[in-house]
Amino acid sequence: MIKDESVAKIIDESQQGSTLAMEKDEKNTRKLYIESYGCQMNFSDSEIVASILANEGFNTTQILEEADLVLVNTCSIREKAEQTVRKRLEKFNAVKKTNPGMKVGVLGCMAERLKSKFLEEEKIVDMVVGPDAYKDLPNLIQEIDEGRNAVNVILSKDETYGDVAPVRLNSNGVTAFVSITRGCDNMCTFCVVPFTRGRERSRDPQSILEEVNDLWERGFREITLLGQNVDSYLWYGGGLKKDFEKASEMQKAISVNFSKLLELVAQAQPKMRIRFSTSNPQDMTLDVIETMAKYENICKYIHLPVQSGSNRILKAMNRLHTREEYFELIDNIKKIIPDCAISQDMITGFPTEIEEDHQDTLSLMEYVKYDFGFMFAYSERPGTLAERKMEDDVPEETKKRRLTEIIDAQQRHSHYRTQEHLGRTEEVLIEGTSKKSDDHWMGRNSQNTVVVFPKEHYKVGDFVNVKINECTSATLIGEAIEYSKNNSY
């Protein structure tokens, strides 16, 4: 799993621009076409939007030309995503000429940053809605129905959408994402998320448990707890994380941190697999690792973005951890959970990066030997602190060469890690048919490595013990031995 990826969240290229489809409600008379770009948080948000609009008389359609309302859920992390969205908006406007009743809206992270450009200067949309304003959609749609442009990009201190049950769309019916936090308080200089998604707030743990239990009842067998930074989850009755110090003694006494939430979820559904993403090294605590070790159904996998191996560059990025602190965290993870897989995000060519900094990154990778990683060359993003205060001064060819060296190192390490699984029998949750063979299933082990094996009599959603016989740098190949103990529901 080696890709040119987002700094704030893993972006799955195969999902980009996919449209949502859900069961029709015969009572609904209007048609909604919604495309999503960017990170998994955006795809999760699109499910919330579809749920809200289903109650407003909209069924989804995957045919653009028949839509009454077209929404594009946007991402500001990379320039490529913005260019793609602009091209799509041009396409939507061409369709509007033949379907003048169609309305077009922009949702998500680009909405807040480019609201006046989209609405006033370029006049390419009817509605702009920020990530915290989706509950206002019924009012905003009424505005555009009456011929007025509509905008709400106000960032909220308390909106978590904990009371909106997302409609599960484009799902394999086996794995699902459950949002637990919104926003981010870490002001990494390369990242626009704090400006587009606001300050950090956590969702009521009771609503999370209800969603997890509901997913189990509906046949889902694995969930990923999702947030810009899950480790800083903190519920004390509502409110921003930064205001916790002002909370009453009672609120502090009943507060739930990420380790406790993880435990509550693991206990609620002992046979459901639990994953989480993304972690931040400066916020990950030992109690989280100890909770992972304590519960068998919490997967042995941590996505732990480091971004650079150089202390000087980490400081310039405003990452509040050092290389040495990161090593200490890695050592603790390996000591408490010896077979835990670890993956990374890495940026090369950050402003002022010199060869010595790059070598520090390579030596850090050599120390950790990540199972897989998401690596890309730095590109300036509008609205970030780095864009405002730092010159993008590393030549493009230098960035490319360093990125190639980082990817080569990761491929070596990935192969080293997959070889460690050879000869073992590991539990795999079947997610679907292998991309390369209709005769094979594809699933993942606890470490999040893809495993393929002959189908035989097993089916999607089964937990199966698989003997690992071969591997590539990204995939394990084996044969099913039997159902695992988790398969007896």
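Trainee: Is E26 buried or exposed, and what is its relative accessible area?

Mentor: Happy to! E26 is exposed, with a relative accessible area of 73%. Here buried stands for under 20% relative accessible area, exposed for over 50%, and partly exposed for anything in between, using a 1.4 Å probe and protein chains only. E26 sits in the loop between β2 (18–19) and β3 (30–36). Strands are DSSP runs of E with at least two residues, helices are runs of H or I with at least four, and both are numbered from the N terminus. The C-alpha atom of E26 is 8.7 Å from that of N59, although the two residues are 33 apart along the chain.

Before we go on, a word on how to read this: the model is predicted, with pLDDT of at least 70 required for local features and 80 or more for side-chain atom pairs, while totals for chains, interfaces and linings use all residues. Residues are numbered from 1 along each chain as its sequence is written, and side-chain values use heavy atoms, leaving out hydrogens and water.

Q447 is in the loop between β20 (440–444) and β21 (450–454), but Q447 is buried, at a relative accessible area of 6%. Leaving aside residues up to four places away in sequence, Q447 touches R275, K300, Y301, D339, A341, F372 and H421; contact means heavy atoms within 4.5 Å.

Further along that part of the chain, E456 lies in the loop between β21 and β22 (463–471). E456 is exposed, with a relative accessible area of 52%, and its phi is positive, near 50 degrees, in a residue other than glycine. Most residues other than glycine have a negative phi, and most peptide bonds are trans. K369 also has a positive phi near 50 degrees. K369 belongs to the loop between α12 (355–368) and β18 (372–377) and counts as partly exposed, at 23% relative accessibility. As for peptide bonds, the one from S277 to T278 is cis, with omega near 5 degrees; T278 is in the loop between β15 (273–277) and α9 (286–294).

After α4 comes G147, with a positive phi near 90 degrees.

Finally, the whole chain. It has 14 helices and 23 strands, and 57% of its 489 residues count as buried. The C-alpha atoms fill a box of roughly 65 × 55 × 55 Å along the principal axes. Of the contacts between residues at least 6 apart in sequence, 73% join residues at least 24 apart. On charge, the protein chain carries 64 positive and 80 negative side chains, and the centres of the two sets lie 1 Å apart. Lys and Arg count as positive and Asp and Glu as negative, with His and the chain ends not counted; each charge is placed at NZ of Lys, CZ of Arg, CG of Asp or CD of Glu.
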